[in-house]
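I opened this entry to look up the sheet and the pockets of one structure. My notes follow in the order I made them.

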Amino acid sequence: MSELILTTYDWVPKMPRGFVRDLRIRWALEEAALAYRVESTSFRDRGPEHYAAQPFGQVPWLTDGDLTIFESGAILLHLGEKSSALIPTDPHGRAEVVQWVIAALNSIDLPSQPWALFRFMGFPGEAPEAKFVEDFLKARLDQMEAILKRREWLVAGRFTVADLLMADVLRPVNLFDGLANYPACNDYVARATARPAFLKAYDDQMAHFAAADTA
């Protein structure tokens, strides 16, 4: 098996720490017990090599031999092909996981990301645009609450990469108490983030950026 290399920023400000999306990849690699190492790219000076690997100047990207993959969802699906701990091997289970991965990135992240960003950045919440996003998110959370009342995990009665991604999409919402009226969603995020693989991934990301503070 080729060496897996995860590339993330060398440093970020304190606000996004714990939410930079290399965390998703660290978490998946820990869940699957896949060996990997972490490399850094400059946060402040994003040069041609960065844009060659990630055309939007973001992180993370994964190098797997001669293959380089960007976008966290694509990386997670790639890792899922390497481990049944992330995606079931049967066609039905795999298809279910893939559809929920896409749902997390599209149906849920679409309203949750601007909702959380408004709060990260301290934007006023009374504008018509903010009300639209609030209502959009509520409609999606109403549906997720109904689903998660009936099941512990999304697919196959066990944790998969679909839960990893869905829980991580919901974490910023939870940070600003957006799940306060959604106990099933709140419990779901708590279950996922209590997993040892998440805790290690989180601690590793925080340590990575903290080490750069004194470099």
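Which residue in β3 does threonine 7 stand opposite? I looked it up, and threonine 7 stands opposite tryptophan 61. The model I am reading is a predicted one.

**Entry: the sheet**

I next looked up the pairing of the two strands. Strand β1, residues 4-9, pairs with strand β3, residues 61-64, in the antiparallel sense, and the pairing runs over four bridges. As a reminder to myself, strands of a sheet pair through backbone hydrogen bonds, either parallel or antiparallel.

I then traced the whole sheet. It is an open sheet of four strands in the order β2-β1-β3-β4, and its pairing is mixed.

Which strands does helix α1 lie across? I found helix α1 (residues 22-31) across β1 and β2, and α1 runs at about 155° to β1. Helix α8, residues 196-213, also lies across β1 and β2. The angle I noted for α8 against β1 is about 55°.

**Entry: the largest pocket**

I moved on to the pockets. The largest pocket holds about 750 Å³ of space. I noted 26 residues in its lining, and those that lie nearest the centre are Pro16, Phe19, Val20, Arg21 and Gln113. The elements that give two or more residues to this lining are α4 (91-120) and α6 (161-175). α4 gives the most, with six residues. By class I wrote down 15 nonpolar, five polar and six charged residues for the lining of the largest pocket.

Which helix gives the most to its lining? I found that helix α5 (residues 128-148) does, with five residues. The lining of the second largest pocket includes Trp115, Glu134, Asp135, Leu137, Lys138 and Leu141. I also listed Asp177, Gly178, Ala180, Asn181 and Tyr182 in this lining. Its classes came out as five nonpolar, two polar and four charged residues.

Methods:
Residues numbered from 1 in each chain as written. Predicted model: local features only at pLDDT ≥ 70, side-chain atom pairs only at ≥ 80, totals over all residues. Heavy atoms only, no water. 1 Å grid on protein atoms, 1.4 Å probe; cavity = no way out; pocket = protein on both sides within 12 Å on 5 of 7 lines; lining within 4 Å. Points joined across faces, edges and corners; volume = space filled by probe spheres on them. Nonpolar A, V, L, I, M, F, W, Y, C, P; charged D, E, K, R; others polar. Pairing = 2+ DSSP bridges. Contact = heavy atoms within 4.5 Å. Axes fitted to C-alpha atoms, helices over the stretch in contact; angles between N-to-C directions.
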